[in-house]
Amino acid sequence: MAAIRTEGLCKRYGDTLALDSLGLEVAEGEVYGYLGPNGAGKTTTIRLLLGLHRPSGGRAELFGVDCWRDPVESHRRVAYVAGEPFLWPSLTGEETLEFLARLHGGTDRTYRDLLVDRFALETSKKVRALSKGNRQKVQLIAALATRADLLLLDEPTSGLDPLMEMAFRASIVEAKERGQSVFLSSHILSEVEAVCDRVGILRAGRLVDEGTLEQLRHLSAQTVEVTFAGPVPDLGPLPGVTVAPMGPAGLRLEVSGSIAPVIAALADTPVASLFSREPSLEEIFLHHYDDGDSRGNG
Amino acid sequence: MATVAATGSARSAGSRQARTAVSRRTLRDSRVRTISFAYLFAAVAFIQPISYRHTYPTVSDRLSFAHAFGANKAVVLFYGKAYDLLTVGGYSAWRVGGTLSLFAAVFGLLAAVRAMRAEEDSGRAELVLAGVIGRRSEYVAAIGAIATAILLLWFAAFAGSVAGGLAVGGSAYLALAAVSPAAVFVGVGAVASQLAPNRRVALELGGAVIALAFLLRVIADTSSGAGWLRWITPLGWAEELRPFTGAIPLVLLLPVAVSVGLVAAAARIYLGRDIGSGVLSARDTAPARLALLSSPTQQALRGERTSLLVWLSSVGLFAAVVGVISDSISSAGISKQLDQTLSKLGSGSVLTPKGYMGFSFLFFVLVVSLFACSQIAAARHEEAEQRLETLLALPVGRRRWLGGRLALALGAAAAISLTAGVLAWAGARSQGVSVSLATMIGAGANCLPPAVLFLGLAALAYAAVPRAAAGIAYGLVAVAFLWQLFGALLGLPKWLVDVTPFAHLGLVPAQSFDAAGAAVMVALGVVVALGAVWLFERRDLIGS
């Protein structure tokens, strides 16, 4: 059974179509990265998955339970971290953790203590006296400590410093090792690249690309940078390759598809150095957003 | 040099612009409250002279009224000391001044704390101060905006009483007396905003000062030999200004001097402290207390605890006072005809201890209904602040959450009602008034049916139009109450007066309990509340 499954999920707010027939499937044990710029519909997706907002069309299920029709049942195996920590100002950190644990119906206390140490949270402080990052830690610890089968995380590391970001990644790796599923909505690409098995890219309410990092890379352009010992030769037109000058004696080639024609074209030229790299997630991501309205070739 | 001068003038133009922007924002932020208060001021100032002429047309009516009420402690407690009850002006000054001065005090406090503390709590003040405006200018701009709002209230009261047929000069002065406490309590609110670590504590501090001022006025007006106390409370100064009854304008120096002093003192503290914290610091760490955390309702009770205690103790105290003074009511010298006219004011006969308590419990009915609305406002606040998302993302159902909030509201309303009944009984017994505990518990319980109805309506407003829910809920209660009060007074046809739920109350202990009316109210309330839950389960959560 899939941890998350949506079919034709739509959400309309007045005249705006915030989410356009989204079809998602996240398997049990999978860590899924959900990428998109601000306003792409990431938070809307999560609100629909939690049954906080009502779908305008289509349906969403968590572990086979309908999110809107039976929210309570669908939340039993889920823990959620919101992008903004909305907690009760007059409760202390410890009281908050206890409250959220009781409402969830139990938590792994030993693991919670470990997480409190790992994230260096001062639990006796009242929430109103905590900085945004520290309030975010309270939420994260509460969610992670439940050991829920599915973690729904909406930009969970906003407000965390780099050390805590590392602690977060370590905790996600632990969750994965225990077979938990993770749905990580984010716009921090390095984070997604580091922990996710599969990535979906959302733009203006539509899923424009989805796959493992290898698949996405394969479909996207690869960068080849060449410098020459002599004058820069004219390589002529090559299919699927765009050529741009790089410095006085170099070329930067963006290659989509096979690299073989490029190698063949370079065979008779005085190549001094050749450097090829796969696109980073950032490049894949930007590739989808630089295209304006076209959906790109990915 | 020329460039320097030019930049200098550009800079001062920039900060002037910023100052205007802050003033405008302060006015805009509070426009709903300001306009509601202005309506209230105009309505009260208009209605009093009209109703006096209407109810007591002849000198003999006025004489017997003055005789019965001029010295009646129960009435003086509510409205303050009367200097002349034989003229329209004197009566209006008493009724208008007595009620509006208290409202003016509340307005001043709310306006000051809103502008000076709530802005800071929300973090918006930081944003403003990070711009081209200094603290001094920001403070002056806020005070300027509040002064404008008070001027509007003055004009409303003035226009109302002129329209009610009072002389122009006297009306202007009466309006001035009525709003004078607003200026003083702007100062109190400003100082409280500097001392308190957050908005809530600032309001509590200011509220305590208002309560103290009111208490001092009550003691001064009702106890012989304590008249001098009137000189140490802003509400007493409003009386001592004596509109229409031998005005003493020199007394105005007192509120003016005190408010200027307080505003200046607050400014001094403000310029020297850290933004975001008060002089009294809040306790930020506490040992964990894990009781009342097992359900959203328990946690709501925990969060509302302080406010519940304030409601309970203030209603309880007031009920005890009502009980104690019910004894001082005497029917001697009141003609049957006059008593009947008075009953039309919506209170029934007030000339016996039971009658007086029945009249007073109409106000407790109002208060408990308003409390029910405040609970729905608190529920909406939880959603607006998006903490409800945190809750509903857990295995917590919407029905369980809203049902729990409604049950909590009902339980607390019952506690407040019964406290009022029991303490009024205790107060009355302490003076030897013969009234049974069961009757007074009944008087308390009689507050509940309308509260159930308004709780249901407020919940429905919350489910249907969450952002406007609190306004609608409070508005419904206020309209229904005023409808009853003025509908009866202006002699509207019975079917029209009967539109308001308050017309279907038996005012226990003065009248017998209206079981049919109560049953209808409760049944309607329950049906509407069920509808609210049904609707709430079907809508999106909506942030602020």
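In this predicted model, A:Leu35 finds its bridge partner in strand 9 of chain A at A:Ile201. The pairing behind this bridge is parallel, with strand 3 (residues 31-35) and strand 9 of chain A joined over 4 bridges.

On strand 9 of chain A there is a second pairing to follow, this time with strand 10 (residues 206-212) of chain A. Here the two strands run antiparallel, and 6 bridges join them. One pair to look for in the viewer is A:Val199 with A:Gly211, its bridge partner in strand 10 of chain A. Strands 9 and 10 of chain A form a hairpin with 2 residues between the strands. Within that hairpin, A:Ala204 adopts a positive phi near 45 degrees. Strand 9 of chain A, spanning residues 198-203, is also mostly covered, as 5 of its 6 residues are buried.

Turning to the meeting of the two chains, 28 residues of chain A are in contact with 25 residues of chain B. By residue type, the side of chain B that touches chain A comprises 11 nonpolar, 7 polar and 7 charged residues.

Notes:
Residues are numbered from 1 along each chain as its sequence is written. Chains are lettered from A and ligands numbered from 1 in the order in which they are written. This is a predicted model: local features need pLDDT of at least 70, side-chain atom pairs count only at pLDDT 80 or more; totals for chains, interfaces and linings use all residues. A residue is buried if 20 or more other C-beta atoms lie within 10 Å of its own, exposed if 12 or fewer, and partly exposed in between; C-beta atoms are placed from the backbone. Two strands pair if DSSP finds at least two bridges between them. Two residues are in contact if their C-beta atoms, placed from the backbone, lie within 7 Å. Ala, Val, Leu, Ile, Met, Phe, Trp, Tyr, Cys and Pro count as nonpolar, Asp, Glu, Lys and Arg as charged, and the others, Gly among them, as polar.
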